[in-house]
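Reader: Could you walk me through this one, starting with the ligand site and then moving on to the overall fold?

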Amino acid sequence: MNLIEVSGLKKGFSGQDVLTDVSFTVKRGDVIAVIGPSGAGKSTMLRCLIDLEKVDGGSIVVEGEPFVTDGVYPPAAKVRAITAKMGMVFQSFNLFPHLSVRKNLTMPLVKTQGVAREEADARAMSILGKVGLQDKVDAMPSTLSGGQKQRVAIARALMLNPDIMLFDEPTSALDPQLTAEVLGVMRKLAEEGMTMVVVTHEMSFARDVANKILFMCDGEIVESGPPEEVFGNPKDRRMAEFFGNVS
Ligand SMILES: Nc1ncnc2c1ncn2[C@@H]1O[C@H](COP(=O)(O)OP(=O)(O)OP(=O)(O)O)[C@@H](O)[C@H]1O
């Protein structure tokens with residue numbers, strides 16, 4: 001089953017086209033790595049998927065429900081109900097600095113979903129276990145390393161029980177050792193069957209963990225397929241050049 005269907009997505013900022021024509025599908029259990037040069041439109045595409053940016057044209061269907069059709073959106077409550085099926089993790093963590101790890105995790109559940117505090121607490125402890133941070137439940141974000149902050153941000157997104165996780169360059173603010181611990185958590189999530197779309201510059205993650213690569217350039221997906229195919233024999237000239245540049 002397709003969890004996400006994107007067709008003909010268009011988006012510009014101040015008259016400059018950033019997404020010109022983006023189409024792809026995400027199946028349940030897919031781990032998709034979105035790669036490509038800086039400025040290709042990768043983050044913008046991801047932000048459109050979760051309604052942090054409005055598209056100018058094209059359609060997005062999530063779990064069979066259209067949340068934008070030919071650039072036209074349904075009422076905001078309907079869009080919110082559909083995008084709630086997805087969790088997002090940002091490059092810059094976006095934790096609430098004045099709240100403990102426990103509160104960062106439980107507050108959205110208690111405030112927006114009316115879940116009882118005890119139940120939210122129990123869920124927080126279980127999910128912190130998954131990311132290896134149960135001992136930090138009462139810590140404030142400022143006392144955590146970047147890698148720990150990002151693992152808390154992943155845990156916070158998981159609290160809402162998403163069907164799909166979106167990651168926007170989750171390790172690009174981290175040094176290599178901290179990157180490895182965050183990628184380890186993401187790899188575990190992938191092995192557990194979580195559907196994931198990951199914008200990344202981490203080529204080893206894209207090669208080893210993703211089952212599908214989308215290579216974006218100039219606001220389009222110019223090549224897509226399984227990693228062994230895409231990395232082994234890039235057909236698009238821009239992709240070949242990109243790898244020439246990075247290796
Ligand atoms: N809010 C915005 N207002 C104006 N321009 C924007 C905005 N967001 C993105 N852009 C522009 O859109 C283009 C694509 O940006 P985007 O961040 O999507 O690229 P990217 O492929 O994710 O790049 P990187 O790998 O460097 O993060 C860039 O030229 C950027 O300056």
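**Ligand shell and fold**

Author: By class, the shell around the ligand holds 3 nonpolar, 6 polar and 1 charged residues, where Ala, Val, Leu, Ile, Met, Phe, Trp, Tyr, Cys and Pro count as nonpolar, Asp, Glu, Lys and Arg as charged, and the others, Gly among them, as polar. This is a predicted model, in which local features need pLDDT of at least 70 and side-chain atom pairs count only at pLDDT 80 or more, while totals for chains, interfaces and linings use all residues. Residues are numbered from 1 along each chain as its sequence is written.

Reader: Which residues surround the ligand?

Author: Phe 13, Val 18, Gly 36, Ser 38, Gly 39, Ala 40, Gly 41, Lys 42, Ser 43 and Thr 44 do, a residue being near if its C-beta atom, placed from the backbone, lies within 6 Å of the molecule.

Reader: And which helix gives the largest share of that shell?

Author: Helix H1, residues 42-49, with 3 residues; helices (H or I, at least four residues) and strands (E, at least two) are DSSP runs, numbered from the N terminus.

Reader: Switching to the fold, how many helices and strands are there?

Author: The chain has 9 helices and 10 strands. Its radius of gyration, taken over C-alpha atoms, is 18 Å, close to the 18 Å from the globule rule (2.2 Å times the number of residues to the power 0.38) for 247 residues, so the chain is as compact as a globular protein of that length.

Reader: What does the C-alpha trace span?

Author: Along its principal axes, about 55 × 45 × 35 Å.
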